[in-house]
Amino acid sequence: MKLAVIGTGYVGLVSGVCFAHQGNEVVCVDKASEKIEMLRSGGVPIYEPGLKELIQTNTAAGRLRFTTDLADAVRLADIVILAVGTPSLPNGEADLSFIKQAAREIGEAINGYTIIVTKSTVPVGTNEKIAAILAECTDQPFDIASVPEFLREGSAIHDTLNPDRIVIGTASELAREQLTALHAPLTSNILVTDIRSAEMIKYASNAFLATKISFINEIANICEKVGADVTKVAEGMGYDNRIGRSFLKAGIGYGGSCFPKDTQALIQIAGHVDYEFKLLKSVVEVNQDQRYNVIRKLEAILDNLQDMTVAIWGLAFKPETDDVRDAPALEIIQTLLERGASVKAYDPIAAANFSKLLTHPHLEYCESKEEAARGADALCLLTEWKEFADIPLPELERLLRKPILIDGRNVFREEELSQTSFIYYSVGRPSLSQGVREQNPVLLF
Ligand code: UDX
């Protein structure tokens, strides 16, 4: 099939490349000419394992090209995929201005029957608005469909080529047939629904996953107080198929470009129809507070952060990405700086993006994890990059001025730590003092 993909962010670029890899003819469109130039010359504007190679193979095979000319790409396409950004407005609602502008341009360009598919995450009812805009701009026949995207950064290609399910929301029989044919090589789990349900599935899925994370983080906070181990609790819960094992890793809360934005947007969507989504509001609140546990733990050990030097390992919102959007590291570092600490930060690939968000005379970006740790009064691990777990703990102990380790992702194991003199706080697991497990608290009931 001939596809035009509008927007070369994570979703657009990865979907376009994967559809080309399946043998379709794909043109990826973006207004940002520097991005298109970069893609044409073999560069990739985002870090995503395997993406560069897949772009090279499919460009060389003549199935994939990049352009700034939306009209030209749309004219030639059977299916147009809308994957432009829907950033948050200050009140949490999704900003649909890019979607509406793209819909107008698509409407002016379509030439013969075209299916317009929305992959961007949009509030319920948006696809109907898109259809109205298209109808104002063209008298050519078209159908619309909502096909939400569930890929995760860092494993985006794997997720796109091996989806758990494909949701196709459309009222058109012809669109249903063509979109089912397009996605059939990827999975047999294809769910066809009405458009509004498809739009809702995306928000409900992300909100549920965010809920799992905030739930396990609260369980972790209780575990710390009653002397239980959240990793064991999560394992024990996860064996129950009704609960499942995934998304029960306690830590410093979720970040990234989707969960924070989509949970806020769903709260707003509910509010517009006079429904208060109380549970989701709490999920967001718990998530916001969870990152401050790192500061609370540091202050419990050091009393005062004034003039302390704190090493930070990990700035990205999760490993295998250079994305720092809504990364917990941002607020944690800002708070440390506000409380008078100096910060030495290291991330394998996300420091350049992070430094665009935050510069400060007392914030130093380091070239290695060792450089960040050297001479620091404490170390906080905020992203579970593999290279952090690989460091021999005696070496880390020698690098730090004080052997204080706040592990925000439960990366280190008690057996390793018991050979050291670390004061060690993790999330929802017993803390260690000089390698020795702290006494279980006295339970007052
Ligand atoms: C998410 C959804 O998983 C994906 O389906 C959707 O399309 C986009 O949003 P992504 O943001 O790339 O994907 O990352 P994900 O792996 O889901 O992690 C999101 C955040 O949750 C990260 O900050 C991660 O550290 C955190 N997380 C995840 C936890 O704290 N605990 C967990 O058990 C899982």
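**Sheet, domains and ligand shell of the predicted model**

The model contains an open sheet of eight strands with mixed pairing, in which the strands follow the order S3-S2-S1-S4-S5-S6-S7-S8; strands (E, at least two residues) and helices (H or I, at least four) are DSSP runs numbered from the N terminus, and two strands pair if DSSP finds at least two bridges between them. Strand S3 (64-67) and strand S8 (190-193) stand at the edges and have a single partner strand each, so one side of each lacks a neighbour in the sheet. Neighbouring strands of the sheet are turned against each other by 25° on average, direction ignored. Strand S1 (residues 2-6) and strand S4 (residues 79-82) run parallel and are joined by four bridges, with Ala4 standing opposite Val80 in S4.

The structure is a predicted model, in which local features need pLDDT of at least 70 and side-chain atom pairs count only at pLDDT 80 or more, whereas totals for chains, interfaces and linings use all residues. Residues are numbered from 1 along each chain as its sequence is written.

Helix H9 (residues 195-226) lies across strand S6 (142-146), strand S7 (166-170) and S8, and runs at about 145° to S7 (axes are lines fitted to C-alpha atoms, for helices over the stretch in contact, and angles run from 0 to 180 degrees between N-to-C directions). Helix H5 (residues 97-109) packs against helix H6 (residues 126-137) at an angle of about 40°, the axes being 8 Å apart. The contact, defined by C-beta atoms, placed from the backbone, that lie within 7 Å, includes Ile99, Ala103 and Ile106 of H5 together with Ile130, Ile133 and Leu134 of H6. By class, the residues of this contact divide into seven nonpolar, two polar and four charged, where Ala, Val, Leu, Ile, Met, Phe, Trp, Tyr, Cys and Pro count as nonpolar, Asp, Glu, Lys and Arg as charged, and the others, Gly among them, as polar.

The protein chain is assigned domain 1 (2-191), domain 2 (202-288) and domain 3 (291-437), with bounds that come from an automatic or database domain assignment. The centres of domain 1 and domain 3, taken over C-alpha atoms, are separated by 39 Å, and four residues of domain 1 are in contact with seven residues of domain 3.

The ligand is surrounded by 19 residues, of which Glu153, Lys249, Tyr254, Gly256 and Cys258 are the closest (C-beta atom, placed from the backbone, within 6 Å). This shell divides into 10 nonpolar, four polar and five charged residues, and H9 gives its largest share, three residues. Domain 1 and domain 2 both contribute residues to the shell, so the ligand lies between them.

Notes
Contact = placed C-beta atoms within 7 Å.
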